[in-house]
Amino acid sequence: MVDAIAFQTRARTIDHLGREQIADCPTAVSELWKNSYDAYARNVSLNIYGGDTPIATIGDNGHGMNREEFTNRWLVVGTESKATQAETSEEDRDGLEVRTKQGQKGIGRLSSANLGSLLLIVSKRRDDRFVAALIDWRLFENPYLFLIDVEIPVVEFDEKYELLPLIPKLFDKLMGNLWGNSISEKRSERDIRIENSWKQFDLQEKLAGKLITTKAAIESTLIDTIFDERHFSEWPLWRGTADKGTILAISNIQFDLQAQLTKEDPKKDSAVTQAREQLFQTLSNFSDPFLNEEERLLGYAADDFATQTSVWDGNLERRIIEEGAPFDYQELQNLEHVVDGWVDENGYFHGRIKAFGNWVEDVLTIPPAIDVPVRKDSLVGPFRIRIGTFEQDLSSTSLSDEAFRKAEAQSEKYSGFLMYRNGLRVMPYGREGSDFFRIEYRRSKHAGREFWSLRQLFGRIALRIETNPNLRDKAGREGLIDNRAAKSLRDLVENILKFTARNYFGSDAKLRKRTIPDKKLDYKKKKAEEARNKQKALSRKNFISKLDKSEPILLKLLEEISRLVEIIRDSELDNENEIVSLRLNLQGLRELQSELALGEAPRKLGILEDRYLTYRKYYRSVKEKIELAGNSLDSALERIKPRSLRDLALSELSSNAAYLHRRIRNWAQEAKNILSLELERISELQTERNKTYHAKMLPFLDHIDHGTMTLTRMTRLLESERIAQDEENFDLFEPYISALNSLRESVDLAGLASFSQDKADELREEVDRLHSLAQLGITVEIIGHEIEGLEQSVTTNLKLFPSEVRNSNAYIAVRDGHEALVERLRFLSPLKLSGPKTRVRMTGEMIFQYVQRFFKSEFSNENIVFSASKDFLDFSLFEYPARIYPVFINLVNNATYWASHSNSSQKEVLLDIMDEKIVVADSGPGVDEEDLKHLFNLFFTRKVRGGRGVGLYLCKTNLAAGGHSITYATDSQKRLSGANFILEFKGAKYA
């Protein structure tokens, strides 16, 4: 006789299909979010609440469920709605486009067991009643309990405020799964089965050494767990922003969710760190952030669906995952290396390439390296690919420093090669440890050639259920089912990665070999320029700081030394004690004056120019008064012949030594402080660099364990990375050591840097000056040629006027003005680039007469006495007039200006000879000592008006062209009190 016996299902089947099936907590959340998407929710959020009993909720504003749907669908495993892809009604879609269902097996709801043991589910359809149920998933861990014996308490109600009072009743009803429902002596068969099942399970767990049995844990949870209103406050339906939706409230949450709540530094606990990173990696890019508009129209997007994750400490919210994508399509397009395109049903890639910051103009086509399956049950189908990365070395990148640092920071959080189906994430692709396309495996063979690295790669593969039906998920959402279609997908993508690496990005690519050397050279220049600018800015900052600090002290010092000078002037200075006392005061002021020296000023002071000039004037006045006072006191001492000269000298020696000791002590302390900070920095740098190699290489040991890499390949990879890091360490430490050795050898690095910087600035400015001068010369050449023609026309036509006109005052004024203009135009002759040039014998007399005629009106208007010595009038020189006359015109022009601006009653300009050298002198204020080094630079001037800073530069360059020279006179060479210039003419004859 043949019997017909049905399968009997133990309760533990639910545990196998739910908690044990889903890979991990973040994947479970993603499955529940997909359920919300299938329910046409616009928003879904995960909220984790702290407290004595942490609670997590997942709430959406989807179409929700009524009691019938909850009973006949949600509580039925493997419902037909997902399998048949039954179309959702227009009312349930609530204005949204039809969505392709993401669930495939109807067991995604069971993944909530992976989040925590106790689940309160509340749902509501529009225009329908609320439905709520309470489930403890640990009931399904009992292997002796039949599924039919587990009863889920369900309740309906009308208003949200009715929920909280109903929860204790749900608790009581749920406890019937532990104790049975009968309260009389006559117990039902179910009650007996339940009692026996828990007795057996308790005994089994105790024999296994478990201290708290599952039954006891459930009882404890039911007593301790409290759901309150704040746990529902973020649910749109509860807030009143929606009239439908579903919320899952979970208690006794598992470690991955509790880790998000900890307030301690997560770095102290690696498990907490891993839990946080994995949740972030999984949920931060849940919807495809790399879509363009074309792909949205083709159905690759999950539109109108926003996700969010928050952690709550009381009323304080910490947002873990925002609604918008932190790294999106535009961010990826801004990277310097991008592969962007699609693969057709025949396996051909079509798309664009961006390499080293530039898009390649031609559309690239990459044929497949395999035979692409065409059978319906193994077809891959078309898909989209969009990936990008950046150079790992700042010296090679085409990105700006800011963009490079940003990309580095973003790679720590958002890098990964993800996969999406109809716009929603396919797990576990893109998470750390997931290398479906064997990127790191190929990289371990030859990192430079294969180029791509998961740690710096951003992007994804985009699939569609409709066009890629054979690319299905495993039951546990641990990746694609390993069928022929999945293998072919991997081969196609790997071929694209290898082709682009070897032809565009990797070490074997011709483009890299052409591009990188230039980028490295540009980077070195850039870093040198940055260092120069940094040093310049630091010098300027220090100078300004010292100027700000010294200005009020200098003014006070000027007052004190002025008072001391007055005291000395009014004193008889015939008492030794008085003189010694005054000398002591003067010594203190002299030491303070030494400390107020500002040192070398920045080349371009800008708005500080007037302040600095005033400071120099006051400093020079202080210095002169100190010298005057010192000389007077020294003379007074010598005059009275004191008895204790040795004691005076010894006292001054001690005072000077004390000053020096104090200064040295301050410098030494400052140096020690800086060295102490540098020692700490070097120690930290050493620790960091010591860890870098292990941190980068240890993960590759997993390839050895899994047999995916040979020892030979691993050894090559380790050696390659050792060399790369050794070069980085060399660049870090060697320059530092070299600098320290230079300091040890008493090399003034600051002075050297300042000198090099000033020299570079001078050369750069010289180039600019020459460029400006060339432009000036070209301009004068063009304009001069035109003016010469016009001048000849004016001269010719002036002679044609009738005699009665030529005798008029108006005509005479025009003629004289024209002649003066012609005389001025001749002054431009040395600037002209073309035209005949002839050497002639010129005398001092000729030069004097030429200059006197040129400045006749200026000398008269300013009451300036212009004279020349007999020796000057008698000297002669064989040279181009166009080279010599402008020199004297320039010098006398300057002398006239400064003499007219002096306070002297006698305003003079003198041409003289001393030691067979020409002297051009004036009675003006003279040249400040600080300005002497810039005196002959192009465009340097101290004139308030009318100065261009060209004259002295032209004098020097004109004279140098003939082997002559010009210098500024020392005090012993001066003929007048103001500026005195010395001209030395090669081949000149003196009387």
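Trp-452 and Phe-505 are both buried, where buried means under 20% relative accessible area, exposed over 50% and partly exposed in between (1.4 Å probe, protein chains only). The model is predicted: local features need pLDDT of at least 70, side-chain atom pairs count only at pLDDT 80 or more, and totals for chains, interfaces and linings use all residues. Residues are numbered from 1 along each chain as its sequence is written, and side-chain values use heavy atoms, with hydrogens and water left out.

The whole structure holds 34 aromatic pairs. Rings of Phe, Tyr and Trp (its six-membered ring) pair if their centres lie within 6.5 Å; planes under 30 degrees apart count as stacked, over 60 as edge-to-face and the rest as tilted. Trp-452 and Phe-505 are edge-to-face, at 5.4 Å centre to centre and 85 degrees between the planes.

## A stacked tyrosine pair

Tyr-850 and Tyr-885 are stacked, because their ring centres are 4.1 Å apart and their planes are at 15 degrees. Tyr-850 is buried at a relative accessible area of 10%, and Tyr-885 is buried at 13%.

## Ring cluster and charge over a ring

Phe-848, Phe-854, Phe-855, Phe-859 and Phe-866 are linked by ring pairs into a cluster.

Arg-490 lies over the face of Phe-436, 5.2 Å from the ring centre. A charge sits over a ring if NZ of Lys or CZ of Arg is within 6 Å of the ring centre and within 35 degrees of the ring normal.

## Cysteines

The search of the whole structure finds 0 disulfides, a disulfide being a pair of cysteine sulfur atoms within 2.5 Å. Cys-25 is buried at 1% relative accessibility, and Cys-955 is buried with a relative accessible area of 1%.
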